[in-house]
Amino acid sequence: MPQPAPQPVRTHLPPGNGSPATASPRPAATLAVTSAATAVALMTYTAPMITLADTAASLHTGLSAQAWLLNGTPLGLAALLLVAGSLADDYGRRRAFVLGTALLAVTTALGALATNTLLFTLARIAQGAASAAILAASLGLLVHAFPSPAGRVRATGVWGAFVSGGIALGPVVAGAVTDLADWRWAYGVLALATAVVAVLAPRALTESRSPRGGRPDLPGALTLGLALVALLAALTLGRDGWLRAPVGALLVTAAVLLAAFAAIERRTRTPMIDLTLLRRPLFLASTAGAFFTGLAVVALFSYVPTLVQHTMGVTAMGTAGLFVLWSGTSFVVALQARRLAGRVSPRHQLAAGFVLHAVAVATMLGAAGSGDWTRLLPGLVVSGAGSGLLNAALPLLAVDSVPTDRAAMGSGANNTSRYIGSAAGVALMIAVATSTGTTRHALDRGTNAVLVVSAALALAAAALLLVLRERRAPAAD
């Protein structure tokens, strides 16, 4: 259903806080800089999908430890997205964004210089933390720069398209640079690109923050951050066995910390997240849509590169090309999705995206056993279209489902759900794929099972989103 127009909100800092009260946002520059930074952050996220083998060989990383080379950035992202969004609202969104881009440039360069698995993993976690500040602050900056509903639809659609673009370009750029030089140079190139954005950002962006008073909720931020670190670490370690003591201890720790976080939020005057939002169907739809996007879609396409290389004999760059077909289609559809504004609500757009993904996955059944990579092409295009609808609708729903002055927090909550879903989904996909054994024939059956699970989760998400609709206000007498 159409959303109510956003209420005016004080978006400029008062005199003396580092930004003149009369400063006006520059919409085009804001959109360009935030989209560019978002694309680079996602390129950094997906680069290891292609460079993993070279990186592991160079760092002498064992097979079981290679999961950390991939999951360092998702861990940092999921742990700090909501925290970064809330702090950006309170301390300044431009400040958080500029700090995030500078830190991403530095930590990506440190990853290129890492001499062992531990140092590279720590650099990847720090990259995730920096990317969290970028992703969370970006939507807050866009809400400030595009106050009208029509402008916001266009801006969030472009921003969502650059999410897909970054996912597409990461493996291609990393693979091309690695072929020409070395995997370390791939991270050097990404660090340089991020540094350029960090230099441009202060001049292009106007500061804004939440007008609420009181101190920022630092105890809540610390408690939630630690809870999410424990949860994501448990999901990663669980892939080697869920009944081990460290996994159980981490899950219990996460549960205790989340309970403590809820208690803190109920008592503090300026909570990091207003828990009453959990009673709003639109906020639940935003959070659930993001979670199932990670669980059913992102997790599957984190597994697809392994599928096509190990069961179909496709090269690393060939795999990157197939990945571009999926994410490139997503990019194009996300850019065009703004034409649906006013005719299709973001909630229904999400439901349609999940249905398209389920249909696409059904066309991929049996592809692994056939050994023919062309069997994947129709599904990649259709799923890419569905992903484009998801990437266009999620950022819009994230900011529409929360008060306007808490847009960065809404973005953080939405993206936190996505990356927690992704971490849980990858663990689920690996468990399902290997449940029938590790022989070639068993992996073929396991792959089909993974596809069925992904499709079922997508259909469940679509059904849930159709149920979660805002209640109509009672008619006046």
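This is a predicted model: local features need pLDDT of at least 70, side-chain atom pairs count only at pLDDT 80 or more; totals for chains, interfaces and linings use all residues.
Biologist: Thanks! Is D89 buried or exposed?

Modeller: D89 counts as buried, at 0% relative accessibility. Its side chain meets that of R93 in a salt bridge, 2.9 Å from N to O. R93 counts as buried too, at 3%.

Biologist: What's your cut-off for a salt bridge, and how many are there?

Modeller: A side-chain nitrogen of Lys or Arg has to be within 4 Å of a carboxyl oxygen of Asp or Glu. By this rule there are 2. D400 and R152 also form one, at 3.9 Å from N to O.

Biologist: Which helices do D400 and R152 lie in?

Modeller: D400 lies in α14 (residues 377-400) and R152 in α6 (residues 149-180), so the pair ties together parts 248 residues apart in sequence. R152 is buried at 6% relative accessibility, whereas D400 is partly exposed at 24%.

Biologist: New topic: how many helices and strands does the chain have?

Modeller: The protein chain has 16 helices and 0 strands. Those are DSSP runs numbered from the N terminus, with helices being H or I of at least four residues and strands E of at least two. Of the 477 residues, 56% are buried.

Biologist: And which residues have the most contacts inside the largest nonpolar core?

Modeller: L300, F301, V308, F354 and Y419, in a core of 91 residues. Helix α10 (residues 281-311) gives the largest share of this core, 16 residues. A nonpolar core here is a set of buried Ala, Val, Leu, Ile, Met, Phe, Trp, Tyr and Cys residues joined through side-chain atoms within 4.5 Å.

Biologist: What is F301 in contact with?

Modeller: Leaving aside neighbours within four places in sequence, F301 is in contact (heavy atoms within 4.5 Å) with F323, W326, H357, M364, L380 and S383.

Biologist: Last one: where does R343 lie, and is R343 buried or exposed?

Modeller: R343 lies in the loop between α11 (316-336) and α12 (346-364). R343 is exposed, with a relative accessible area of 65%.

Definitions and conventions: Residues are numbered from 1 along each chain as its sequence is written. Side-chain values use heavy atoms; hydrogens and water are left out. Buried means under 20% relative accessible area, exposed over 50%, partly exposed in between (1.4 Å probe, protein chains only).
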